[in-house]
Protein chains: 2
Amino acid sequence: MMDVAEFRRRGKEMVDYIADYLENIEQRPVYPDVEPGYLRNLIPSEAPVEPEDYNDIIKDVERVIMPGITHWHSPHFYAYFAAASSYPAMLADMLCGAIGCIGFSWAASPACTELETVMLDWLGKMLKLPECFIAGTSGRGGGVIQGTASEATLIALLAARCKVINRMRASNPQLSESEIFSKLVSYTSIYSHSSVERAALIGGVTMKKVSTDKNFAVRGETLKKMIEEDKAAGLIPFFVCATLGTTPSCAFDRITELGPICNEENIWMHVDAAYAGSAFICPEFRPLLNGIEFADSFNFNPHKWLLINFDLMSFVTMFPHGPIKRLTCRGCRWSPFSSFVLQHWQIPLGRRFRSLKMWFVFRTYGIQGLQTYIRKHVSLAKEFEKMVLADENFEICAEVIMGLVCFRLKGSNEINQKLLERITKLREIHLVPCQLEERFILRFAICARTTELRHIQRAWSHIKKLAYEILQESSHCLKELFCQYIPVDTQ
Amino acid sequence: MMDVAEFRRRGKEMVDYIADYLENIEQRPVYPDVEPGYLRNLIPSEAPVEPEDYNDIIKDVERVIMPGITHWHSPHFYAYFAAASSYPAMLADMLCGAIGCIGFSWAASPACTELETVMLDWLGKMLKLPECFIAGTSGRGGGVIQGTASEATLIALLAARCKVINRMRASNPQLSESEIFSKLVSYTSIYSHSSVERAALIGGVTMKKVSTDKNFAVRGETLKKMIEEDKAAGLIPFFVCATLGTTPSCAFDRITELGPICNEENIWMHVDAAYAGSAFICPEFRPLLNGIEFADSFNFNPHKWLLINFDLMSFVTMFPHGPIKRLTCRGCRWSPFSSFVLQHWQIPLGRRFRSLKMWFVFRTYGIQGLQTYIRKHVSLAKEFEKMVLADENFEICAEVIMGLVCFRLKGSNEINQKLLERITKLREIHLVPCQLEERFILRFAICARTTELRHIQRAWSHIKKLAYEILQESSHCLKELFCQYIPVDTQ
């Protein structure tokens with residue numbers, strides 16, 4: 001076993017191991033060189049009967065775990081979106097683990113519920129959300145931490161489903177709940193996150209995909225037309241999930257156009273700003289959130305871009321004491337206080353004391369420090385965009401607004417797939433692709449807290465070198481490039 | 001900000017703070033003396049613009065947080081059920097935070113997916129689950145970590161819903177999905193956890209409550225009768241959630257009776273052993289799991305009683321490649337490997353590297369160490385039961401099988417409520433009540449890893465002292481007690 005004295009020693013060793021890991025992460029290949037199933041052969045197939053020595057366990061971290069890690073916090077990691085990580089968040093997480101409360105009700109640990117309520121207010125004010133999103137001392141609004149955006153979207157959809165069913169039954173008592181259910185229809189962009197579609201699957205309602213303009217953004221007119229057609233067909237439009245900062249290209253649905261339509265049609269508008277939301281703490285990016293005043297609910301992931309380690313997504317809603325209460329059943333009937341019961345706002349009942357991470361990070365960095373961090377990522381993306389634009393073999397595929405650059409070799413999908421395969425195989429940097437209008441595109445996302453200009457310069461040299469090798473290997477490809485893309489005016 | 005050098009220093013300070021906290025936790029009142037809203041006045045209403053000194057932050061932990069903590073790991077804590085906490089789990093959690101991967105696909109961090117698959121196999125073997133629950137190298141079964149039992153039950157219900165809809169549509173192509181939906185009916189005990197009812201609410205299906213026998217357990221006959229009535233009324237029974245170790249009294253639904261009925265009727269049987277599941281690693285308790293061979297899915301919470309800090313629930317299912325796949329949509333289309341994609345088994349897409357905690361704990365304790373810990377809790381509960389039985393003013397209200405004792409003063413609900421109110425107010429120990437057949441009952445759950453005989457002796461003296469004070473204060477109560485409860489044979 002392990003007593004408190006050993007924990008003191010092992011804990012300090014672990015702090016040093018973590019510090020060493022993060023300090024030297026650049027030296028590790030960012031992407032692992034293992035095949036599926038690699039790990040099973042490295043460890044026994046059953047748990048040991050007798051206790052093992054801790055030294056053997058910690059040795060196995062390098063032998064078994066590290067070879068299979070994709071290093072999300074390496075400055076050579078440009079895949080997906082950023083996953084936040086900072087030292088104060090890790091310290092807070094240690095404390096959270098030690099307190100180890102299961103905060104499903106106020107009484108189960110008052111500080112857990114209360115700090116979360118206040119931290120979500122801090123966050124709402126940092127984002128300059130409308131007053132109705134703030135709990136304050138008497139407000140009806142407020143936010144709650146969900147684990148992931150998937151849960152937030154699902155909760156919003158369920159709340160909207162409940163609201164529309166209540167409304168329809170009140171006005172049409174002859175309709176059964178299942179009749180209403182079968183007519184419900186929700187909407188989201190063809191580029192929204194897969195979890196949005198999944199929320200509709202779980203909630204058992206139809207979800208229609210809305211096409212976008214050339215900037216990959218959903219526009220009011222397109223939505224309005226679909227709503228009108230569906231209403232004419234006897235369906236009941238009830239939910240729209242708009243995205244600010246889509247996963248493929250970081251596009252911004254036009255919520256200033258969508259919001260008034262939703263409000264007029266009595267449709268719940270949920271705004272998912274999973275990645276881009278953090279940037280709205282900078283005044284220069286805040287205009288991208290305009291239109292939020294039309295929304296019924298809003299979520300973004302501080303664990304992506306606000307230096308607060310996973311899992312920590314925040315969900316802000318305007319009507320916490322309305323429809324969401326419907327999720328409640330018996331639980332906590334006996335708790336002596338029930339003024340704040342965050343379990344009613346989420347799928348799980350239990351919850352960790354995650355707001356400690358927000359408190360530590362907001363105070364350690366200050367709003368200024370967080371703004372500096374966001375701005376650095378955006379400016380690095382702009383630098384990378386310049387590098388891409390300076391090479392006529394490449395093209396930029398979507399407007400660079402935040403820390404994401406979508407680019408590709410001018411030419412076929414195949415050549416770009418080949419380029420990505422080679423990048424992945426060499427494991428010097430790591431990126432993932434996306435698809436925009438049938439085109440295979442490389443996504444270059446600034447991710448790590450420690451990414452600097454020299455890293456992206458090196459990444460770009462590496463990408464260019466591999467691209468040129470591919471171009472040279474295949475004269476066919478070169479020819480294709482030439483025919484398709486040489487500008488007309490220079491021919 | 002905080003650099004790596006400061007993290008080394010602050011991290012080690014935090015390790016000592018945590019060690020001190022846990023070493024001296026007995027000295028703190030187990031239950032906080034604060035009113036709802038207490039915290040908001042202790043901290044600013046907005047995040048600081050400038051960074052703050054770390055010393056100020058850490059000082060505020062004692063000033064702001066600790067006064068509002070219900071100390072779940074105090075040996076004076078006997079409320080709810082145990083929440084696991086151990087030093088190796090905390091060390092593993094620190095490492096998990098540092099690696100900070102978001103394991104939504106195999107490629108996003110292979111070790112994260114693979115260790116989880118193997119750890120769930122370890123767990124399945126520790127519990128001697130049937131072979132079909134084990135992934136192995138070629139199995140179709142296997143388990144996954146969910147955050148909470150709520151999510152596990154929901155996933156099971158959704159999988160069952162999908163399966164029955166597919167089956168009904170295949171055999172009755174004229175039925176629409178919403179017609180089937182409206183006829184679906186699921187079942188669970190009147191004593192099952194509120195999250196079960198909530199899963200049905202979210203999934204949009206009817207859930208009926210099944211009454212129990214005098215041991216608060218659901219029996220086969222009762223269920224069979226309800227199913228037959230519902231079928232006769234044209235409904236479609238599709239899902240049963242049985243509980244092994246209910247929240248109020250740790251009762252065990254008779255799955256050896258329920259299982260064959262479910263199998264015969266093509267009903268998905270989910271077994272929720274949230275608390276009691278951990279005990280099945282002891283051969284003497286394993287018979288309580290008999291009947292699991294009839295189940296389609298199974299969950300229990302190692303974060304309750306297996307020394308693995310929250311949040312870590314495990315969910316084992318027999319048909320991972322069948323209906324659950326239906327939850328999938330577009331996500332991860334581009335990932336180079338997709339053989340293990342745990343996101344399809346859960347609500348969130350992202351996931352922390354939580355299996356590290358299992359690996360560290362199982363190896364540090366060994367199966368023997370974990371068995372010793374379970375047995376100690378059960379034997380302490382038996383000791384407490386003896387103390388209660390030795391006092392004729394008290395009664396035991398449910399069979400003591402695991403670490404929970406349900407007891408009360410012989411007499412009215414009011415007198416027991418008064419007793420609990422006084423216990424809660426004095427904050428020397430903390431417990432919560434339950435209701436069984438309209439009776440208000442006190443639950444005494446052995447919770448902390450460090451609870452010893454001396455703690456429960458002290459707790460019992462305290463309870464007795466308060467009870468006698470109440471009895472003496474009110475001669476009416478005494479009289480009531482006398483008339484109602486003095487055994488007939490001694491009159």
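Predicted model: local features only at pLDDT ≥ 70, side-chain atom pairs only at ≥ 80, totals over all residues.
Let me start with one pair of residues: the side chains of Asp20(A) and Arg8(B) meet in a salt bridge, with 2.7 Å from N to O. The pair crosses between chains, running from helix α1 of chain A, where Asp20(A) sits, to helix α1 of chain B, residues 4-23, where Arg8(B) sits.

As a general point, side chains of opposite charge can pair when their charged atoms come close.

Now the interface as a whole. How many salt bridges does the rule find across the interface of chain A and chain B? The number is 14. For residue pairs in polar contact across that interface, with both residues at pLDDT 80 or more, the number is 46. Helix α1 of chain A, residues 4-23, gives the most to the side of chain A that touches chain B, namely 16 residues. By type, the residues on that side of chain A divide into 83 nonpolar, 37 polar and 30 charged.

On extent, 150 residues of chain A are in contact with 150 residues of chain B. Between them the two chains bury about 13,100 Å², and 67% of that is on carbon and sulfur atoms. Three arginines stand out on the chain A side: Arg40(A), Arg198(A) and Arg363(A) supply 6% of the area that chain A buries against chain B, more than any other three residues.

Next, chain A by itself. Chain A has 14 helices and 11 strands. It has 491 residues, and 65% of them count as buried. If we take the contacts in chain A with a separation of 6 or more, residues 24 or more positions apart account for 74% of them.

Back to salt bridges, this time over all chains, where the search finds 70. I will show two that lie within chain A. In one of them, Lys386(A) pairs with Glu383(A), the closest N and O atoms being 3.3 Å apart. Both residues lie in helix α11 of chain A, residues 355-389, and they are 3 residues apart, about one turn of the helix. Lys386(A) is exposed, because its relative accessible area of 52% is over 50%. Glu383(A) counts as partly exposed, at 29% relative accessibility.

The other one is between Glu473(A) and Arg422(A), with the closest N and O atoms 2.6 Å apart. This pair links distant parts of the chain: Glu473(A) is in helix α13 of chain A, residues 453-473, Arg422(A) is in helix α12 of chain A, and 51 residues separate them. Arg422(A) is partly exposed, with a relative accessible area of 22%. There is also a network, in which salt bridges that share partners join Arg8(A), Lys12(A), Asp16(B), Asp20(B) and Glu23(B).

Moving on to aromatic residues. Over all chains the count comes to 39 aromatic pairs. One of them is Phe384(B) with Phe444(B), which is stacked, at 3.6 Å centre to centre and 0° between the planes. Which elements does this pair link? Phe384(B) belongs to helix α11 of chain B, residues 355-389, and Phe444(B) to strand β11 of chain B, residues 439-445, so the pair joins distant parts of the chain, 60 residues apart. Both of these phenylalanines are buried. In chain A, one aromatic cluster is made up of Tyr78(A), Phe384(A), Phe394(A), Phe407(A), Phe444(A) and Trp460(A).

Gly411(A) is found in the loop between β9 (404-409) and α12 (413-426) of chain A. Gly411(A) counts as buried because its relative accessibility is 7%, under the 20% limit. Its C-alpha atom is 8.8 Å from that of Phe394(A), a residue 17 positions away along the chain.

In chain B, His73(B) lies in the loop between α2 (54-65) and α3 (87-99). His73(B) is buried too, with a relative accessible area of 8%. Its side chain reaches the backbone oxygen of Ala83(B) at 3.5 Å. Not counting residues up to four places away in sequence, His73(B) touches residues including Ala98(A), Ile99(A) and Gly100(A), and also Leu22(B) and Thr450(B).

Conventions
Residues numbered from 1 in each chain as written. Chains lettered and ligands numbered in written order. Heavy atoms only, no water. Contact = heavy atoms within 4.5 Å. Buried area = accessible area lost by both parts, 1.4 Å probe. Salt bridge = Lys/Arg side-chain N within 4 Å of Asp/Glu carboxyl O. Polar contact = N/O pair within 3.5 Å; in protein donor to acceptor, adjacent residues only side chain to side chain. Helix = DSSP H or I, 4+ residues; strand = E, 2+ residues; numbered from the N terminus. Nonpolar A, V, L, I, M, F, W, Y, C, P; charged D, E, K, R; others polar. Phe/Tyr/Trp six-rings, centres within 6.5 Å; stacked < 30°, edge-to-face > 60°. Buried < 20%, exposed > 50% of the residue type's maximum accessible area, 1.4 Å probe, protein only.
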